Amino acid sequence: MFEEKTIEAFRKLPTPFYYYDLDLLQATLKIAMEESTKHGYKLHYALKANSNPRILQTISKMGYGADCVSGNEVSRAIENGFDPKQVVFSGVGKSDQEINVALAQDILCFNCESLQELEVINGLAAGMGATADIALRINPNVHAFTHKYITTGLEENKFGINPWEFDAILERLKQLRNLELVGLHFHIGSQITDLTAFKNLCVRVNEINQWFAGQHIFPRIINLGGGLGIDYHHPDDNLVPDFKSYFNVFREFTELLPGQELHLEPGRALVAQCGSLITKVLYIKNGVNVNFAICDAGMTELIRPALYQAFHKIQNITSRSEEKIKYDVVGPICESSDCFGKSVLMPMTQRGDLVAIRSAGAYGETMASQYNLRDLVKGVYSGEI
Ligand SMILES: *Cc1c(COP(=O)(O)O)cnc(C)c1O
């Protein structure tokens with residue numbers, strides 16, 4: 001929850017806005033970095049979770065690398081202090097222009113998803129007289145036990161190279177002179193709260209790593225992607241995810257070969273809890289069986305509930321009423337899915353009250369749109385209000 005003086009400051013600001021607690025962000029980054037360093041793991045922050053420059057500068061200063069999924073993310077990362085030699089470029093559909101941006105920056109590695117992509121990167125690298133370091137993104141067919149829209153590591157998903165393609169790819173790689181195979185990459189999904197999924201991933205990765213070793217190929221980098229989930233239901237009890245247990249799973253179950261290093265790409269786990277969407281109640285409308293609290297933020301500012309039925313804790317942070325009432329908390333957008341939460345129990349709510357939608361630091365501001373010609377939502381930072 002927020003301190004009284006923070007809420008007083010919120011009252012003076014135009015709404016809606018994202019409020020970022022940079023102290024919490026720093027504390028989270030410090031813990032994750034310390035815990036991973038104990039094991040010698042390298043962390044690449046996944047920019048798509050939040051690419052706000054202030055957030056990126058805070059993260060790059062702590063020594064993190066970056067996982068990017070577009071040419072603009074590669075540029076944004078480097079502009080905000082990430083070392084190009086710690087930038088990786090993932091994504092199933094990299095355009096020629098985006099590949100050229102990354103080649104020019106001489107990034108750490110391209111995580112490649114198909115034979116055709118390898119051909120294209122090889123050709124573009126040759127044109128520049130360069131060699132591109134690449135990792136093969138492999139589809140491990142491991143279940144992430146998460147929402148189907150954020151599951152990426154099953155055969156039915158569009159992501160990654162399937163094991164039956166390995167032979168053909170290795171054969172072709174021998175001829176692609178401007179590529180150097182330096183890693184194997186995996187990413188099974190997002191908002192994973194059952195650590196068994198990561199254990200299953202490790203077991204599968206060991207088999208695949210052994211298969212490559214059998215072909216006398218020992219890639220230096222084993223990159224197991226991101227996906228660690230956070231507690232959306234009880235943010236105040238779990239402001240910092242349990243990074244220790246997360247890294248311990250990899251410590252216990254990965255069998256790295258000599259010279260191999262483990263890389264991970266957390267996004268959500270680093271930034272989700274430091275952000276809240278602050279919105280003002282415009283109207284209270286009493287429906288047949290339901291009361292609506294109609295807010296000045298909607299799916300244009302935070303699309304996760306509309307897009308994948310995501311839960312966010314919703315709190316009226318200004319009402320002093322003792323009486324508790326259930327509200328459907330909705331936005332102003334002309335879509336019925338524009339609803340942040342149904343039957344949310346809040347103190348009696350009135351026009352002008354401020355509502356906080358918690359745990360919105362990841363996949364919030366980055367997914368904002370201007371649908372209905374709305375203004376793009378802005379960020380506000382602790383220590384500056
Ligand atoms: C989205 C993504 C991540 C980050 O996922 P989180 O669930 O936010 O940790 C990491 N790696 C790749 C390749 C991704 O696409």
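Which side chains meet in a salt bridge with an N to O distance of 3.3 Å? They are the side chains of Glu4 and Arg320. The present report places this pair within the predicted model.

The structure is a predicted model, in which local features need pLDDT of at least 70 and side-chain atom pairs count only at pLDDT 80 or more, while totals for chains, interfaces and linings use all residues. Residues are numbered from 1 along each chain as its sequence is written, and side-chain values use heavy atoms, with hydrogens and water left out.

**The barrel**

Eight strands form a closed barrel in the order S2-S3-S4-S5-S6-S7-S8-S9, and their pairing is parallel. On average, neighbouring strands of this sheet are turned by 30 degrees against each other, direction ignored. The axes behind such angles are lines fitted to C-alpha atoms, for helices over the stretch in contact, and angles run from 0 to 180 degrees between N-to-C directions. Strands (E, at least two residues) and helices (H or I, at least four) are DSSP runs numbered from the N terminus, and two strands pair if DSSP finds at least two bridges between them.

Asn111 has Ala135 in S6 as its bridge partner.

**Salt bridges**

A salt bridge is a side-chain nitrogen of Lys or Arg within 4 Å of a carboxyl oxygen of Asp or Glu. By this rule, the model has 17 salt bridges. Glu4 lies in helix H1 (residues 4-11) and Arg320 in the loop between strand S12 (314-316) and strand S13 (324-330), so their pair ties together parts that are 316 residues apart in sequence.

| Pair | N to O distance |
|---|---|
| Glu4 and Arg320 | 3.3 Å |
| Arg137 and Glu113 | 3.1 Å |
| Asp106 and Lys85 | 3.6 Å |

**Accessibility**

Buried means under 20% relative accessible area, exposed over 50%, and partly exposed in between (1.4 Å probe, protein chains only). Glu4 is partly exposed at 47%, whereas Arg320 is exposed at 54%. Asp106 is partly exposed at 45%, and Lys85 is partly exposed at 38%. By contrast, Arg137 is buried at 6%, and Glu113 is buried at 5%.
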